[in-house]
Amino acid sequence: MPDETFDLAGCLERVHRRDQAAARELVEHLYPLVIRIVRAHLPRRVAEEDLSQEIFLKMFTRIEQYKGSVPFSHWVSRIAVTTCIDQLRAQKRRPEFRWADLSESEAGVLDSVLTNERDVAPDDALAASELVHKLLDQLKPEDQLVIQLLDLEQKSIAEISETTGWKQSLVKVRAFRARRKLKKLFEELKRMEKS
Amino acid sequence: MNTPDSQWQRLAAAARQVRDERDTAAPSGFATRVAAHAFARVEQPFSALFARFSWRALGFASLLALVSVAANYSSISALVSSSDDDSASSEIVNEIVNPS
């Protein structure tokens, strides 16, 4: 968690005066926040350090535009989220989801989820996590982000709205659309499994 | 009921059990590098912008000049030949008026 005793207002003031040491302190203070967002939404073939650097550079370029209407951490997380979405969009084609591409343990977890009503065994949590990310890869970047925040990070609609800057109604629409797509995907997977 | 929604929720619940134990502190040198890059970027905006746009403007103007010459080539060449005729006729008039 970011350091509670950090003097953010003073640091921002010094950054405005072009104090490089203050800029370093600001990056170090915000890094945990940014890296969590980056790791949760990191596109394939992108290094997390490169993406974090891009986010911080955008932050410094736009810092004059920050008017204090939202907490600074929310403002930065919105930059991080939009940068991740832009990167995900740049990937363009999403790989098609195929049983054949799953590892043995991922296929086992998927099979068990589709065929019985038991919870996934704790030993299979890692395989389930990999599987979830492959399934999320099938969604549009914005929908992917909403489901990730809602179902994996268990954030509320209001919190997602604060993090992304999207209206709550838009977050709900995206969540609905993403769930519908996931539902279709599960039905398709079940059909493929039977055939 | 084993509905697609419950299937997804069970998978997500299992995925939530995986804790990300990776360090969240900035790697050594990262903050210094980013701060240096950020200020270097902000310090040269006007001159860099001017240089970039003036080169583009020069390129565009040259292209425009070439296109206009090509489009008006026939009228330019006609003008040149008619000015040649004019100078020839003025030489004849000059000879008649001043025979010496």
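**Where chain A touches chain B**

Author: Let's start at the place where chain A and chain B meet: 37 residues of chain A are in contact with 29 residues of chain B, contact meaning that the C-beta atoms, placed from the backbone, lie within 7 Å. Keep in mind that this is a predicted model, where local features need pLDDT of at least 70, side-chain atom pairs count only at pLDDT 80 or more, and totals for chains, interfaces and linings use all residues. Residues are numbered from 1 along each chain as its sequence is written, while chains are lettered from A and ligands numbered from 1 in the order in which they are written.

So what is on chain A's side of that meeting place? Helix 2 (20-40) of chain A gives the largest share, ten residues. Other elements that give two or more residues include helix 3 (48-62), helix 5 (104-115) and helix 9 (168-194) of chain A. By class, this side has 20 nonpolar, four polar and 13 charged residues; Ala, Val, Leu, Ile, Met, Phe, Trp, Tyr, Cys and Pro count as nonpolar, Asp, Glu, Lys and Arg as charged, and the others, Gly among them, as polar.

Now step back to chain A as a whole. There are nine helices and zero strands in chain A; both are DSSP runs numbered from the N terminus, helices being H or I with at least four residues and strands E with at least two. Of the 195 residues of chain A, 32% count as buried, which takes 20 or more other C-beta atoms, placed from the backbone, within 10 Å of a residue's own.

Chain A is also split into domain 1 (8-90) and domain 2 (99-194), with bounds from an automatic or database domain assignment. Their C-alpha centres lie 27 Å apart, and nine residues of domain 1 of chain A are in contact with nine residues of domain 2 of chain A. Helix 4 of chain A gives the most to domain 1's side of this contact, with seven residues.

Let's zoom in on that helix. The axes of helix 4 (residues 72-90) and helix 8 (residues 157-164) of chain A, lines fitted to C-alpha atoms over the stretch in contact, come within 6 Å and cross at roughly 80°. That makes the two helices of chain A roughly perpendicular, the label for angles of 65 to 115 degrees. Among the residues that meet there are His74(A) and Arg78(A) in helix 4 of chain A, and Glu162(A) and Thr163(A) in helix 8 of chain A.

Definitions and conventions: Axes fitted to C-alpha atoms, helices over the stretch in contact; angles between N-to-C directions. Parallel < 35°, antiparallel > 145°, perpendicular 65-115°, else oblique. Contact = placed C-beta atoms within 7 Å. Buried ≥ 20, exposed ≤ 12 C-beta atoms within 10 Å, placed from the backbone.
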